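Hi,

Here is the structure I promised to send over. Have a look at it first, and then read on for what I found.

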Amino acid sequence: MKLDRRSVLGGMAMLSAAGCAIVPAEDAAVRARRLYARATVINGNLVAPLDDTGPLDAETAAQVRASGLTAAKVTIGGPGTETRAEVRESIAGYAKAVEMSDGLYRKITRVADIDAAKAAGQIGLIFSFEAAEMLEGDLDAIDAFRALDVMVMGLSYNRNTPFASGVMSSEPTGLTPLGRQAVERMNACGVTLDVSHSDEASSLSAVAASSRPVTITHAGCAAVHAHPRNKSDRLMKALADKGGVMGLYELSYLTTPGQPTLEVYMAHLLHALSVCGEDHVGIGSDALLTPFDTSPESMAQWDASIAARREAAVAAPGEGPPPFVIGLNQPDRMVVIAEALMKRGYSDRAVEKVLGLNFRRVFAETWRV
């Protein structure tokens with residue numbers, strides 16, 4: 001059974017304001033490749049190719065290795081459309097796929113595993129939930145799934161749950177009393193809280209209620225482009241003030257309908273750095289690890305998946321274009337981002353934080369019990 005599925009799901013003025021000098025492209029490219037080779041590179045949300053029947057084919061495995069990733073968070077359970085029992089089966093399938101990967105992947109259950117993956121040339125996979133329907137409003141389910149190595153969890157996807165409102169909720173509740181208990185339970189049992197799909201009120205309340213840093217693993221900036229899935233400066237600042245990290249995604253929500261460009265992506269990334277600071281921004285592509293296939297056959301499958309999401313009422317406005325930024329549709333997308341930051345005058349240390357050190361820090365602070 002193939003497990004490469006998932007229900008997927010600025011410019012010069014900013015540079016002047018940030019006081020960044022333009023660096024020659026050739027120098028930036030060389031520096032970026034050199035830094036990327038030694039950096040801890042963590043993507044906050046990716047779809048990795050997996051197979052629980054045996055190792056990946058040689059071509060796909062080579063693409064995974066070429067990514068240069070140290071680790072990536074992978075979503076299990078989709079947008080809340082799997083039952084608790086189905087999710088348990090999915091977790092088992094993902095775990096088996098890691099075991100069958102012939103050492104390509106390593107399951108991450110502690111920060112030391114991230115460092116070990118880097119040393120061994122493996123790609124670490126961090127099991128996560130974006131949704132919360134599989135918890136069924138049961139606080140004990142948080143502990144049970146944490147025991148199955150689900151390291152990151154959300155309170156809601158685009159719809160309401162017993163814990164919180166989703167970004168597409170027509171009757172928002174905010175963070176509920178049970179949701180506050182869920183935040184406390186996640187803090188206590190070593191789960192990283194991710195409010196990527198929770199609405200503004202729920203997210204602000206969750207950040208305030210949490211005793212540990214909170215993440216927005218994949219989103220965009222509402223100040224750059226208004227969209228329900230993009231986050232306000234107020235929320236981004238509150239998240240950073242509590243030590244959290246926001247990862248920038250590659251979805252069509254970054255711009256008006258159409259395929260976002262690298263220039264558009266950088267406008268969001270630079271804005272996040274301006275609002276949050278270099279210690280609180282990362283990359284959460286919400287894309288395929290391997291290049292998205294834009295052939296007619298692949299696009300037909302993609303369009304069918306979007307139609308299914310709309311039918312299930314979990315889609316957000318503007319869904320349709322495939323999940324990639326023009327210029328980043330490649331396994332080593334994050335080195336391209338590193339080079340783009342260096343061209344704008346960001347230091348090696350700042351770029352290294354964005355590439356993964358910020359996520360590593362938050363995982364270290366939230367996974368300890």
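Asp233, Met236, Lys237 and Ala240 of helix 9 meet His271, Ala272, Val275 and Cys276 of helix 10 (contact means heavy atoms within 4.5 Å). The axes of helix 9 (residues 233–241) and helix 10 (residues 262–276) come within 9 Å and cross at roughly 55 degrees, with axes fitted to C-alpha atoms over the stretch in contact and angles running from 0 to 180 degrees between N-to-C directions. The two helices, helix 9 and helix 10, are therefore oblique to each other (under 35 degrees is roughly parallel, over 145 roughly antiparallel, 65 to 115 roughly perpendicular, and the rest oblique).

A word on the source: this is a predicted model, where local features need pLDDT of at least 70, side-chain atom pairs count only at pLDDT 80 or more, and totals for chains, interfaces and linings use all residues. Residues are numbered from 1 along each chain as its sequence is written, and side-chain values use heavy atoms, without hydrogens and water. Helices (H or I, at least four residues) and strands (E, at least two) are DSSP runs numbered from the N terminus.

In the loop between strand 10 (245–248) and helix 10 you will find serine 252. At 6% relative accessibility, serine 252 counts as buried (under 20% relative accessible area; exposed is over 50%, partly exposed in between, with a 1.4 Å probe and protein chains only). Beyond its neighbours within four places in sequence, serine 252 is in contact with Gly258, Pro260, Gly318, Glu319 and Pro321.

Finally, helix 6 (residues 139–147) has Leu139, Ala141, Ile142, Phe145 and Arg146 as its buried residues.

Best wishes
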